[in-house]
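Let's take a friendly walk through this structure, one region at a time. Please keep the sequence and the 3D view at hand.

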Amino acid sequence: MKKLILTLIAAVGLVAGAAHASGGDTIAWDKAPNKTNDLASLQNGAKVFVNYCLSCHSAAFMRFNRLRDIGLTEQQIKDNLLFTTDKVGETMKASIDPKQAKEWFGANPPDLTVIARSRAGHGGTGADYLYTFLRTFYRDETKATGWNNLAFPSVGMPHVLWEMQGDRRPVFEEHESHGHKTQVFKGWEQVKPGTMTPLQFDQTVGDLVNYLQWMGEPAQNTRVRVGVWVLIFLGVFTVIAWRLNAAFWKDVK
């Protein structure tokens, strides 16, 4: 029993150390807006995704013509979103050469089809993580890309939306706890303005995250609607079955 307890304590210590080393507790995740029913938000998110993400990241399990489900016509898709292919039925494949991507960034950028479903953690949902990650880049000349991120320290991805957000510097305060000094994040200092106000940028990132959520499961909203009607039907049917059972057995003693 003593060995088991010591083993468990050591395991907890290793997990905690790994979480700290990976930057999992660097910053709390912000709550992402949940507007997967908002067609205007989804359409703007799809536009941002195709223009800023699809150059490096694929969505190999999503076809362009599936965007008709968010209110776009096939002609609108062809005219505005087909940059990596000329066929609307093709999947969303990145335009970058995987070998070049590995050479530039150290690894091939991951596929984003189900990224919003795969990044959930103790800090919140996958959407919360993405919403926080995309809004917490800052300039760091010590990194190969020139950028760093509070939600994912030493990330190999550059800040592709920097022109919209501008340059910001994180502000930390030094705290001492149990004899150890730690840096606590307090806020941001704008170094250079972007083409958008902070509110506009947050809304744009929110639209992109909404689209990533929708792309991970395009039938989610339909599934929820059908599920509600199924539960209503089962509830009504249960009442009918209960009354029928009472009627059938009322004369049986």
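## Starting at Asp207

Asp207 sits in helix H8; helices here are DSSP runs of H or I with at least four residues, strands are runs of E with at least two, and both are numbered from the N terminus. With a relative accessible area of 11%, Asp207 is buried. Buried means under 20% relative accessible area, exposed means over 50%, and partly exposed is in between, using a 1.4 Å probe and protein chains only.

The side chain of Asp207 makes a polar contact with the side chain of Ser41, at 2.6 Å. A polar contact is a pair of N or O atoms within 3.5 Å; within protein, one must be able to donate a hydrogen and the other to accept it, and residues adjacent in sequence count only if both atoms are side-chain atoms. Not counting residues up to four places away in sequence, Asp207 touches Lys35, Ser41, Asn44 and Gly45, where contact means heavy atoms within 4.5 Å.

## The model and its make-up

This is a predicted model, in which local features need pLDDT of at least 70 and side-chain atom pairs count only at pLDDT 80 or more, while totals for chains, interfaces and linings use all residues. Residues are numbered from 1 along each chain as its sequence is written, and side-chain values use heavy atoms, with hydrogens and water left out.

The protein has nine helices and six strands. Of its 253 residues, 31% count as buried. Among contacts between residues at least 6 apart in sequence, 63% join residues at least 24 apart.

## Helix H2

Ser41, the partner of Asp207, is one of the buried residues of H2, along with Leu42, Gly45, Ala46, Val48, Phe49, Val50 and Cys53. The buried residues of H2 pack against E1, strand E2 (91–92) and H8.

How far apart are the end C-alpha atoms of H2? They are 20 Å apart, which agrees with the 21 Å that its 15 residues should span at 1.5 Å a residue; the expected span is 1.5 Å times one less than the number of residues. At the start of H2, a side-chain oxygen of Asp38 comes within 3.1 Å of the backbone nitrogen of Ala40.

## The largest nonpolar core

The largest nonpolar core holds 45 residues, and Phe49, Leu67, Met92 and Tyr211 have the most contacts inside it. Such a core is a set of buried Ala, Val, Leu, Ile, Met, Phe, Trp, Tyr and Cys residues joined through side-chain atoms within 4.5 Å. The elements giving two or more residues to this core are helix H2 (39–53), strand E1 (59–63), helix H5 (115–118), helix H6 (126–133), strand E3 (137–139) and helix H8 (198–216). H8 provides the largest share, eight residues.

Leaving aside neighbours within four places in sequence, Leu67 is in contact with Ala46, Leu72, Ile77, Leu81, Met92, Tyr211 and Trp214.

In H6, eight of eight residues are buried. These buried residues pack against H5, E3, strand E4 (147–149) and H8.

H6 also supplies the largest share of the lining of the largest pocket, three residues, while H2, H6 and H8 each supply at least two. The lining has 26 residues in total, of which His57, Pro110, Phe133, Val155 and Met157 lie nearest the pocket's centre. About 610 Å³ of space lies in this pocket. A pocket is found on a 1 Å grid over the protein atoms alone, as an open set of points where a 1.4 Å probe fits, with protein on both sides within 12 Å along at least five of seven lines; lining residues have an atom within 4 Å of a point. Grid points are joined across faces, edges and corners, and the volume is the space filled by probe spheres set on them.

Glu174 is in strand E5 (residues 166–177) and counts as exposed at 52% relative accessibility. Beyond four places in sequence, Glu174 touches Lys181, Thr182 and Gln183. The C-alpha atoms of Glu174 and Phe185, 11 residues apart along the chain, are separated by 9.0 Å.

Ala144, in the loop between E3 and E4, is exposed at 87% relative accessibility. Ser154 lies in the loop between E4 and helix H7 (162–165) and is partly exposed at 46%. Although Ser154 is not a glycine, it has a positive phi of about 60 degrees.
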